[in-house]
Amino acid sequence: MTKIRHLICMTIAAAGLMFSSSSSFAQQTDRGDEPGLIADDSYQLDPEWQKQMVYYRTTEPPGTIIISTAERHLYLVQPGGRALRYGIGVGRDGFQWQGLVNITRKAEWPDWVPPPEMIERQPYLPRFMAGGPGNPLGARAMYLGTTVYRIHGTNRPDTIGTKVSSGCFRLVNNDVADLYDRVPVGTKVVIRQKPEL
């Protein structure tokens, strides 16, 4: 009797998994963009992704931002061979990029207008969302050159340290507000996909 009950439970569980995976595959929901979700400020980041001062060798001058998509870290270069290191969420496979840009604009609680390419991939997204706690751009945004990409906050702190975005770099709201206050418009941003040797 116990074996039959166990077999029935396993069959129901397997059927449920098959249905949920085929349903989610059909919808292709991006778990990193959940408009309207309010960030859980009590979420505790793994120590790897928490802001910290680290030793960091670079020829870039203090004040430069260096993003390592492979490491999922953003570094703000400091004097004396150090950097403030922040954990970030980066672009998922196929949406990572590298380059040299500057911060061209900064915004507090920015509005969100997903670009047409993003709406084509994710038609369920709103065409416009006013800034606020439920906005996927979070508390601050720093716009990168003439691209559609930004360094921004998030309403999904659990995505820090993952590859989930469409090419932007996300930090928890406290960290993005801290970075925002430390860097002016014009700040040099170096985006690297592979770590330096």
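Reader: Over which ring does the charged end of Arg92 sit?
Author: This is a predicted model, where local features need pLDDT of at least 70 and side-chain atom pairs count only at pLDDT 80 or more, while totals for chains, interfaces and linings use all residues. Residues are numbered from 1 along each chain as its sequence is written, and side-chain values use heavy atoms, with hydrogens and water left out. A charge counts as sitting over a ring if NZ of Lys or CZ of Arg is within 6 Å of the ring centre and within 35 degrees of the ring normal. For Arg92 the charged end is 4.6 Å from the ring centre, and the ring is that of Phe95.

Reader: How far is the charged end of Lys106 from the centre of the ring of Tyr180?
Author: The charged end of Lys106 sits over the ring of Tyr180. From the centre of that ring, the distance is 4.2 Å.

Reader: How many helices and strands are there in the protein chain?
Author: Helices (H or I, at least four residues) and strands (E, at least two) are DSSP runs numbered from the N terminus. Along the sequence the pattern is α-β-β-β-β-β-β-α-β-β-β-β-α-β. The count is 3 helices and 11 strands.

Reader: How many aromatic pairs does the structure hold?
Author: Rings of Phe, Tyr and Trp (its six-membered ring) pair if their centres lie within 6.5 Å; planes under 30 degrees apart count as stacked, over 60 as edge-to-face and the rest as tilted. By this rule the number of aromatic pairs is 3.

Reader: How many residues apart in sequence are the parts that Tyr56 and Tyr75 tie together?
Author: Tyr56 and Tyr75 form a stacked pair, 4.2 Å centre to centre with 20° between the planes. Tyr56 lies in the loop between strand 1 (52–55) and strand 2 (65–68) and Tyr75 in strand 3 (residues 73–78), so the parts tied together are apart in sequence by 19 residues.

Reader: Is Tyr75 buried or exposed?
Author: Buried means under 20% relative accessible area, exposed over 50% and partly exposed in between (1.4 Å probe, protein chains only). Tyr75 has 6% relative accessibility and counts as buried.

Reader: What is the angle between the planes of Trp97 and Tyr149?
Author: Trp97 and Tyr149 form an aromatic pair, 4.9 Å centre to centre. The pair is stacked, and the angle between the planes is 25°.

Reader: How many residues apart are Trp97 and Tyr149?
Author: Trp97 is in the loop between strand 5 (90–91) and strand 6 (99–108), and Tyr149 is in the loop between strand 7 (140–144) and strand 8 (150–152). The pair links distant parts of the chain, with a separation of 52 residues.

Reader: How many residues of helix 3 are buried?
Author: The buried residues of helix 3 pack against strand 2, strand 3, strand 4, strand 6, strand 7 and strand 8. Among them are Asn173, Asp175 and Leu179. Helix 3 is largely enclosed by the rest of the structure, because the buried residues, out of 10, number 7.

Reader: Which backbone oxygen does the side chain of Thr64 reach?
Author: Thr64 is in the loop between strand 1 and strand 2 and is buried at 3% relative accessibility. Not counting residues up to four places away in sequence, Thr64 touches Tyr75, Leu76, Val77, Lys188 and Val190, where contact means heavy atoms within 4.5 Å. At 2.8 Å, the side chain of Thr64 reaches the backbone oxygen of Pro61.

Reader: What value is phi of Trp109 near?
Author: Trp109 is found in the loop between strand 6 and helix 2 (116–121) and is partly exposed at 37% relative accessible area. Phi of Trp109 is positive in a residue other than glycine, near 40°.

Key:
A polar contact is a pair of N or O atoms within 3.5 Å; within protein, one must be able to donate a hydrogen and the other to accept it, and residues adjacent in sequence count only if both atoms are side-chain atoms.
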